[in-house]
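Dear colleague,

Please find below the structure that I am handing over to you, with its sequence. My findings follow directly after it.

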Amino acid sequence: MDALIQPPEVLLLLLSTLLLPALEAQRLEVQPKVTGYTNDDVTLHCRFIPGAEESKVDIVQWNLVSTESKAQEPIVVFDIHLGTDVKETHLKGRVNISGESDLIIHNVQMSDAGTYKCRVIAFPGGVFEESIQLEVQERKKPELVAVRVVLVLLLIALMAATVYLVFTGRFPWRQKGLQQEDVTTAAPHDDVIYVNVQRAAFDGAPSTHTAPANVNEVVLRGQQRTQEEEEEMETDL
């Protein structure tokens, strides 16, 4: 007889079999983290799953959690009998409840980032609450993106042109340097020697000046002039 299940135990087992699945099915379905962009609209989804018990939502309340005190500040409250009540916060005029319990924030600002609490009171299910983290990012303007793309393309073109000129040797300053190098290779004080040069006749008269007979004579004259210059320099000293 001790092995037999007593009637109270049978009743408790029956109740747990019937009620526990329904109680476990009742919950809030949310997206834990949502990203919004400045000047856009963002929706924080909060869906109540009634389960087999078919509970009905009576009140939906959205709160903003303070980052410092962790206290919850009411933003908007929806009552099935009283309607929607938007609280006095920095979000007033930019929030409303969509559908049954979703929160829509219009014209999102950087200051809107934070933790939001979705609180649902259902009958006869009870009270359910879930958190959503809202991250706000700066929306890049299309014209700024276009300018950056153009600058990158110009930089790539400039680099390609530089590489081409380097390999082909067509740099203007490089050519100028080569020309200067060719000009300056000659010694600045070298004498220019002319061989077999005659002065042109003036008014048909024959020239009385003739160039040295040969190169050796020119070289000797150059050496003689160099010696005379050295003697003059010693005399001056």
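**Findings**

Lys70 lies in the loop that runs between strand 5 (56-65) and strand 6 (72-79). Please bear in mind that this is a predicted model. The backbone at Lys70 deserves a look: its phi is positive, about 65°, although the residue is not a glycine. With a relative accessible area of 58%, Lys70 counts as exposed, because the cut-off for that class is over 50%.

Asn39 is placed in the loop between strand 2 (33-37) and strand 3 (42-44). Its relative accessible area is 54%, so Asn39 is exposed.

The loop between strand 10 (114-123) and strand 11 (126-137) contains Pro124. The peptide bond that joins Phe123 to Pro124 is cis, with omega at about 0°.

Turning to the cysteines, how many disulfides does the model contain? The count comes to one. The bond joins Cys46 to Cys118, with an S to S distance of 1.9 Å. This pair links distant parts of the chain: Cys46 belongs to strand 4 (residues 46-49) and Cys118 to strand 10, and the two are 72 residues apart. As to handedness, the torsion about the S-S bond of Cys46 and Cys118 is about -85°, and the disulfide is therefore left-handed. Are the two cysteines buried or exposed? Both Cys46 and Cys118 are buried, that is, each has under 20% relative accessible area.

Finally, there is a nonpolar patch on the surface, formed by Val147, Val150, Leu151 and Leu154. Together these residues have about 370 Å² of accessible area. One of them, Leu154, is found in helix 2 (residues 142-168). Leu154 has a relative accessibility of 53% and so counts as exposed.

With kind regards

Key:
Residues are numbered from 1 along each chain as its sequence is written. This is a predicted model: local features need pLDDT of at least 70, side-chain atom pairs count only at pLDDT 80 or more; totals for chains, interfaces and linings use all residues. Side-chain values use heavy atoms; hydrogens and water are left out. Patches are made of residues with over 30% relative accessible area and no salt bridge: like charges are joined within 9 Å, nonpolar side chains (Val, Leu, Ile, Met, Phe, Trp, Tyr) within 5 Å. Accessible areas come from the Shrake-Rupley method with a 1.4 Å probe; for residues, only the protein chains shown count as cover. A salt bridge is a side-chain nitrogen of Lys or Arg within 4 Å of a carboxyl oxygen of Asp or Glu. Helices (H or I, at least four residues) and strands (E, at least two) are DSSP runs, numbered from the N terminus. Buried means under 20% relative accessible area, exposed over 50%, partly exposed in between (1.4 Å probe, protein chains only). A disulfide is a pair of cysteine sulfur atoms within 2.5 Å.
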